[in-house]
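This report goes through one protein model, section by section. Please look at the sequence and the structure before reading on.

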Amino acid sequence: MPEIKLAQLTGAEALEVKNYAAAMLGVCRKMNDIIGTQIFQILSLNARVIYFPLGKDSVWGFTRIKGSMGDGQNHKPFVVINSSIPIDCQVFAAAHELYHIWKDDKVNLVPADVIDEITNDRNELKANRFAAEFLVEEELLLKELRIYGITSENVSFKDILILSELFCVPYRTMVKRLFEIGFITKTDRNRFLNKNEQEVLIARKRYSLSIPQSDERIVIDNLTELAVDAYENKRITFEKLEYLLNISKLKPIDVGIEKPSNIPFPSDDELDKIMEE
């Protein structure tokens, strides 16, 4: 069996990140919750978030810490999450970026091989460990292991797939998390990490588990909500609404708005603005 070589944090670094993740779970009032896709709402409270299909082999996400010039919300950071990757990977990327926003405060790219931990960049390793600690808190994981009757001696490939589905994290993240908390040995970790993507996919089908999919969504922070609100308050025309919604590949009917039977002709100012765009 091939040896799996992963860059690792020191014991002191891992403990520092663990304590920080626990503190932030407390701040978010999520100490007793499985985070899963809640991470997207937590991220939106701390950044302007754009979801865009960058391609399945592209970066998982990136952050611009300083936000935009003149941002009225204290220069909230911009985060982009690649919606071409499966939802569990998007969850991990969002948690990874939260570390950089809260702790690291630097511009960051999350490469497609981030989960393989082949980098020696300490900040990236810390962000990965933070994401794992935040999304798969140790006590919650141990609780689920007890519920499912999983022991260190009998843990199986199927068990890890079930746990990764439950916590909505990538399979490899769950394998490493079990090793990090001392539940499996290094030999078992390597054995499970040597499973390739095709083997994981086949096993998920065999055990009737959900297969994480990409949603390819295009979301520009709360642009859609603002556009609909502006239209309903008669601040923009129907044509302007169509234009803004089309950025996210939506139509007015998708958000419950039908085309008015008598559309007033745009004013000269509105026509000028449309032409400028």
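This is a predicted model: local features need pLDDT of at least 70, side-chain atom pairs count only at pLDDT 80 or more; totals for chains, interfaces and linings use all residues.

## Helix α10 and its neighbour

Against which helix do the buried residues of α10 pack? They pack against α11. Helix α10 covers residues 223–232, and its buried residues are A227, V228, A230 and Y231. Viewed down the helix axis, these buried residues fall within an arc of 160°, so they line one face of α10. An α-helix has 3.6 residues a turn, so residues three or four places apart point the same way.

The face of α10 turned away from the buried side carries the exposed residues E225 and E232. L226 also lies in α10. Buried means under 20% relative accessible area and exposed means over 50%; L226 has 49%, so L226 counts as partly exposed. L226 and L241 are 15 residues apart in sequence, and their C-alpha atoms are 9.9 Å apart in space.

Side chains of opposite charge can pair when their charged atoms come close. How many salt bridges does the structure hold? The structure holds 13 salt bridges. One of them joins E13 and R122, with 2.5 Å between the closest N and O atoms. This pair links distant parts of the chain: E13 is in helix α1 (residues 11–27) and R122 is in helix α4 (residues 122–135), 109 residues apart. E13 is buried, with a relative accessible area of 16%, whereas R122 is partly exposed, at 30%.

K18 forms a salt bridge with E138, and here the closest N and O atoms are 2.8 Å apart. Again the pair links distant parts of the chain, with K18 in helix α1 and E138 in helix α5 (residues 138–147), 120 residues apart. Is E138 buried or exposed? E138 is buried, at 19% relative accessible area, while K18 is partly exposed, at 34%.

## Other salt bridges

R235 and D229 meet through their side chains in a salt bridge, at 3.0 Å from N to O. R235 is exposed, with a relative accessible area of 53%. D229 is partly exposed, with a value of 36%.

Some charged residues are joined in a network. Which residues are linked in a network of salt bridges? R129, E133, R177 and E180 are linked in this way.

## Residues with positive phi

Most residues other than glycine have a negative phi. C168 has a positive phi, near 55°, and is a residue other than glycine. C168 sits in the loop between α6 (157–167) and α7 (171–180). C168 is buried, with a relative accessible area of 16%.

K249 is not a glycine either, and its phi is positive, about 60°. Where is K249 found? K249 is found in the loop between α11 (238–246) and α12 (268–276). With a relative accessibility of 63%, K249 counts as exposed, whereas C168 is buried. A further positive phi, near 60°, belongs to K234, which follows α10.

Notes:
Residues are numbered from 1 along each chain as its sequence is written. Side-chain values use heavy atoms; hydrogens and water are left out. A salt bridge is a side-chain nitrogen of Lys or Arg within 4 Å of a carboxyl oxygen of Asp or Glu. Helices (H or I, at least four residues) and strands (E, at least two) are DSSP runs, numbered from the N terminus. Buried means under 20% relative accessible area, exposed over 50%, partly exposed in between (1.4 Å probe, protein chains only). The arc is that of the directions from the helix axis to the C-beta atoms. Contact means heavy atoms within 4.5 Å.
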